Amino acid sequence: MYGGTCITIACVPTKALVYQAEHPDRRLGEAAWFEQAAAKKTALAEAMRARNFEMFDSPETSTVITGRARFAGPHTLLVTDAGADRAAG
Ligand SMILES: Cc1cc2nc3c(=O)[nH]c(=O)nc-3n(C[C@H](O)[C@H](O)[C@H](O)COP(=O)(O)OP(=O)(O)OC[C@H]3O[C@@H](n4cnc5c(N)ncnc54)[C@H](O)[C@@H]3O)c2cc1C
């Protein structure tokens, strides 16, 4: 969850849904409205996650490694499930 809970499942998606409930597209039936609201909420969260990933991954001083991490030493993380296992110090 690049960007954490707030963007992915908390502040942003809930407020996106609240906003759309307060500003409904009256041309849509309830089911179509819900489908559209959910799609907009997901698109917003995905765009923000992608932006966060870019911010984390683009500086020369940082590289995002997606996987499961554990300390292999005081200054070394071992990341598994990351395609090929990688050590980062
Ligand atoms: C429904 C909902 C609505 C909310 N709305 C608002 C709001 O409107 N305004 C507001 O200010 N706050 C809101 N909050 C609270 C807000 O989401 C949290 O305060 C905020 O996300 C905490 O940020 P954080 O960086 O401390 O932790 P998080 O954003 O939760 O980041 C922790 C990250 O660490 C990762 N992680 C956890 N354990 C491990 C582990 N063992 N190994 C590796 N990674 C791990 C998690 O996957 C996560 O990505 C809301 C919360 C909820 C649930």
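Visitor: Across the interface of domain 1 and domain 2, how many residue pairs are in polar contact?

Guide: This is a predicted model, in which local features need pLDDT of at least 70, side-chain atom pairs count only at pLDDT 80 or more, and totals for chains, interfaces and linings use all residues. Residues are numbered from 1 along each chain as its sequence is written, and side-chain values use heavy atoms, with hydrogens and water left out. A polar contact is a pair of N or O atoms within 3.5 Å; within protein, one must be able to donate a hydrogen and the other to accept it, and residues adjacent in sequence count only if both atoms are side-chain atoms. Across this interface, with both residues at pLDDT 80 or more, the number of such pairs is three.

Visitor: Which three residues supply 87% of the area that domain 1 buries against domain 2?

Guide: Buried area is the accessible area (1.4 Å probe) that two parts lose on being put together, summed over both. Between them the domains bury about 350 Å², with 44% of it on carbon and sulfur atoms. On the side of domain 1, the 87% share comes from Tyr-2, Phe-56 and Asp-57.

Visitor: Which residue has a polar side-chain atom 2.4 Å from an oxygen atom of the ligand?

Guide: An N or O atom in the side chain of Lys-15 is 2.8 Å from a ligand oxygen. For a polar backbone atom of Cys-6, the distance to an oxygen atom of the ligand is 3.5 Å. The 2.4 Å distance belongs to Thr-5.
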